[in-house]
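Welcome! Let's look at this protein together and ask what stands behind the words used for it.

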Amino acid sequence: MSDAMRKLQTKIGVGADGQFGPNTARSIASHYGLSPERGAHLLGQASHESGNFKRSRENLNYSWKGLMNTWPTRFKTEAEAREYHRQPSKIARKVYLREELGNETEDDAENFIGRGWLQLTGKANYRSFASDMGVPAVLTDPSLVEEEYAFETAQWFFHKHRLFDLADEGIEEQTIKKITKKINGGYHGLDDRINKTKKIYRWLMDA
């Protein structure tokens with residue numbers, strides 16, 4: 001587990017063993033005032049995106065083949081992709097220097113990579129989170145999102161994109177599919193997201 005889970009457990013007043021299970025799920029839902037439906041959708045999606053809460057920082061250590069598969073429009077030839085092979089900083093500066101992300105410089109692109117359990121990405125999103133949540137420090141120290149605010153950024157994303165409204169519809173597979181599309185842009189890992197959401201919902205309903 002990442003230290004992000006331990007820090008969250010400390011916030012909500014349970015043993016900080018870094019493990020995620022029924023007691024931690026219930027304590028999170030209670031601490032943040034989440035209904036079983038909202039808690040299940042948020043934690044189910046976050047669990048999938050973070051590899052069961054083990055990752056809170058994007059891994060950009062791509063091979064040249066991985067680069068071509070992931071960003072085919074940015075790495076159109078093997079020769080170009082090989083220039084970035086296993087160079088995370090250089091990769092970030094190429095793929096995230098985009099106006100829609102609010103990254104104005106190569107340093108922005110490198111610093112404001114995906115962090116948190118739903119991978120907050122881009123200076124514009126960090127700035128919006130900082131403003132909405134009153135935590136300006138993340139703009140000067142983006143690494144705070146990896147551990148200190150890993151859960152809060154996921155919760156913020158759900159609020160920002162009205163995903164809690166969808167969560168209120170219930171935990172039917174169609175609802176999970178709609179939320180997945182909003183987060184992923186597609187349906188990658190849908191079966192795992194469904195399984196995790198439904199399992200966590202059972203935990204919360206047993207409280």
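Q: What makes up the accessible surface of the chain, and how much belongs to carbon and sulfur atoms?
A: This is a predicted model, where local features need pLDDT of at least 70 and side-chain atom pairs count only at pLDDT 80 or more, while totals for chains, interfaces and linings use all residues. Residues are numbered from 1 along each chain as its sequence is written, and side-chain values use heavy atoms, without hydrogens and water. The surface comes to about 10,200 Å², with 44% belonging to carbon and sulfur atoms (Shrake-Rupley method, 1.4 Å probe).

Q: How do you know what share of the residues is buried?
A: Buried means under 20% relative accessible area (1.4 Å probe, protein chains only). Of the 207 residues, 48% count as buried.

Q: What makes a set of residues the largest nonpolar core, and which members touch the most others?
A: Such a core joins buried Ala, Val, Leu, Ile, Met, Phe, Trp, Tyr and Cys residues through side-chain atoms within 4.5 Å. The largest has 44 residues, and those touching the most other members include F20, L43 and W117. α11 gives the most, with six residues. A second, separate core of 14 residues includes A92 and I113.

Definitions and conventions:
Buried means under 20% relative accessible area, exposed over 50%, partly exposed in between (1.4 Å probe, protein chains only). Helices (H or I, at least four residues) and strands (E, at least two) are DSSP runs, numbered from the N terminus.
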